[in-house]
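Me: I would like to go through this model and ask what stands behind some of the terms used for it.

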Amino acid sequence: MGGNLDGIRVLDLTGEPGFLAGKLLGDLGADVIKVEPPAGDPARRRPPFWGDVPDPERSLVWLALNTSKRGITLDLSRPRGRELFLELMRRIDVLLESELPGQMAARGLGWAELQTRNPRLVHCAVTPFGQSGPRAGWRGSDLTVSALSGNLYATGDPDRAPVRCSLPVAYYHGGIEAAVGVVFALLAREESGRGQHVDVALQEAMVMPNIGSAAMFQMIGLRGARAGAFMRQVNGVAREIWPCKDGFVSFALRGGPARVPGLVAMVQYMGEHGMASESLEERDWKSHNLNLLTQAEIDDLSRPFAAFFLTKTMAELYEAACARNLMLAPINTAREIVASPQLAAREFLVDVEYRGRGSLRYPGAFARTTSAHPEATRVGIRRPAPALGEHTAEVLSELGIGSTELARLRAEGVV
Amino acid sequence: MTGLFAGTSILEFGGGAAGPVATRYFADHGATVIRVESRQRPDFLRVLRLTPDTPGGLDGAHHFAVLNANKLSVALNLARPEGVAVARRLALRVEAVAENFAPGAMAKWGLDYASLVRERADLVMISTCLNGQTGPHRFYPGFGGQGSALAGFNHLTGWPDREPVGPFGTITDSLSPRLAALLLASALLHRRKTGEGQHIDLSQVEGGIMCLSEMIVTYTANGELLGRQGNRSRHAAPHGVFRCADEGRRDRWVAIVVHDDDDWRRLGRALGDPAWALDPGLATTTARLARTSEIEQRLEEWTRGRTPEAVADLLQAAGVEASAVEDFGDLHEDPQLAHRGHFRPVQHAVLGRHPVETHAIRFSAMAPRIDAPAPRLGEHTEHVLRDLLGMPADEFARLRDAGVFE
């Protein structure tokens, strides 16, 4: 079973901030080996648990983003564990880790040391703020790095605190960024024959989600402002998230050549249900520009849309949106996503089998490829998330550690 | 240009953020990224705030400028067969093609992978759109706002007692270019090793959902729908954002995260061990999760008179995780972003000197470089067609006079 990264061997030491990075490399065909301390990654002890059974093999946080990896245990705090780790360094292409800066070096496992063992090694570190600089020593996690990105300040209701997404978006951004960095470094190695250190900062990775607004501040002076379910226009705010019969939908009254056809089609759709006012049907949509309206005019314009959406379900509105090219989307929960006919047609959701525990349905291939040899470029889940230490014997024997040696390491508690 | 991708050219069709941000990763490491554009159908970022008074017209758009530095622009009218023919010659010449039009648009011009690969077996090409190139909803039109709603990000963002809000910037518009860069880079590595090309179909919605795997498996395993929790965590308390002293008319906030019981004791000491923090009934995470509102109120009474920077400095020095909430203006004075050189100045013909951003990766053996501002529409038509494609002068003049470069 191939993939674009076929033949690349990755050792993944990361905690939750780096889970996605290793999974992506694995989904692209790399042989990713998750290294956990003998007690297991802390994420294994966090709820929610599959079937509500508290068990290190049932933590959904762990299971979610550690697919496509094998798993071994190794105690890096013991001298023999450290030696073994350095031995492994000679035989791999990529090391992924998310220790705070200096912690690997303090154990004699810093980049300078690793580089001498394996000049071809790519060592990628995902940290809150990066390896150096005034905040390199600061602690940080999803909420605090997002706070320092401008993105948090601009998200939420105007009368409450800035608010984050309830799952750690900073780790997703940083995880993908790390995978990009690793592949760039592998491409560079093809030319130079040498690996390098790749330093990914979560704070910096969260600035790009502002899609240029951070850089634009220097030109237009906008610091960002929260508008909740609304979006700021020149003279006021216009609703973008609307209650409907069974949930919410996203729909904008903004103008412009890309959006006007959808507005016209929406008014037509409302008209068929007798819910488009005369003024809506007679409106000159071609010249419609929300930025030229007063707040009172925006409110008047919004009213019939608000009333119409309340008579329809998310599914009804999205079906109409797909059939009529309306720029409207349901505010999906996992329930709507799992039931999506589009995702079903693309066979996006896949069942992953866990021996003795049943199968679990996952988001599968995050991209599809077409090529002369499709298996050689396939993207997607390669294997279930590993049980604790599941592949220790297998991996160590591949790396030249014999069974006698393994038995001794087990007895010493190193693996 | 020097760098990892010196000598590598990427042809880019499309606009907005989801496509063009992806190729910036390559441009910042030396790739020649050539945008195919037209005055007849300009990138929507060039017209987003366009009025008859905009200095520079299509070349004066701030939003386009901050996202498209380091690229070349070739003007080709794809409504003209001669324009399509030139685009095709370029596509067959470059190392990779990236596009984010609606599905079917490239095929209409004969610029899709199936057409191009017949003449270039090792073609590497990526297509990204909202719902992917196949399936019943493939033609569904939309921007990142819809992508974020469809993928589940809006549902997860906001307060449990309020309606959902849009995450600023939509999230899918920034996750998908990163995934596109990863896929394109991995395809180039694969070709380098095997000589084989490929076409990549990236659905922005699927990419977002894959990142939210925790939300999906929590539902498929237990039937549980994760929802909005404000800034709280199910695993730690306090975990929130607290009001500080206003700065003029600006509201200022600080984020504070207490991961475990040791953090809690350190927080209490940093605050001078007030009686409420010494309450043995708050010593464990379980206990604090049950009384989060009370803790949040106490903490905010303490932060309310302080600046977020003072709170963060004090708590970080005590080993407690905290950081100021910065707005877009604050980022330009952020010492850590300055240390990493996140913002880089460029000189733009219409907009003057302005900053652009680079990615969040620093390599030990190569550095991102931004050598040029975003291009004016068609600024490099002659350079690219004459110098890179080798088009004879008379052919160039004939096409120009026929309006193909409009």
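Reply: The model is predicted. One definition comes first: two strands pair if DSSP finds at least two bridges between them.

Me: What makes strand 10 and strand 11 of chain A a pair?
Reply: Strand 10 (residues 248-251) and strand 11 of chain A are joined over 3 bridges in the antiparallel sense. At least two bridges are needed, so the two strands count as a pair. Within the pairing, A:Phe251 stands opposite A:Leu328 in strand 11.

Me: Why are strand 9 and strand 11 of chain A said to stand at the edges?
Reply: The open sheet of chain A has 3 strands in the order 9-10-11, with antiparallel pairing. Strand 9 (241-243) and strand 11 (328-330) each have a single partner strand, so one side of each has no neighbour in the sheet. Neighbouring strands of this sheet are turned by 30° against each other on average, direction ignored.

Me: What lies across strand 10 and strand 11 of chain A?
Reply: Helix 13 (residues 314-324) of chain A does, running at about 145° to strand 11.

Me: How do you know that strand 14 of chain A and strand 6 of chain B pair?
Reply: Strand 14 (residues 368-370) of chain A and strand 6 (residues 198-203) of chain B share 3 bridges in the antiparallel sense. Pairing requires at least two, so these strands also meet the definition. Here A:Arg368 stands opposite B:Asp201.

Me: How many residues of chain A and chain B take part in the contact?
Reply: Chain A contributes 130 residues and chain B 126 residues. On the side of chain B that touches chain A, helix 8 (residues 172-194) gives the most, with 15 residues. That side divides into 62 nonpolar, 44 polar and 20 charged residues.

Key. Residues numbered from 1 in each chain as written. Chains lettered and ligands numbered in written order. Predicted model: local features only at pLDDT ≥ 70, side-chain atom pairs only at ≥ 80, totals over all residues. Helix = DSSP H or I, 4+ residues; strand = E, 2+ residues; numbered from the N terminus. Axes fitted to C-alpha atoms, helices over the stretch in contact; angles between N-to-C directions. Contact = placed C-beta atoms within 7 Å. Nonpolar A, V, L, I, M, F, W, Y, C, P; charged D, E, K, R; others polar.
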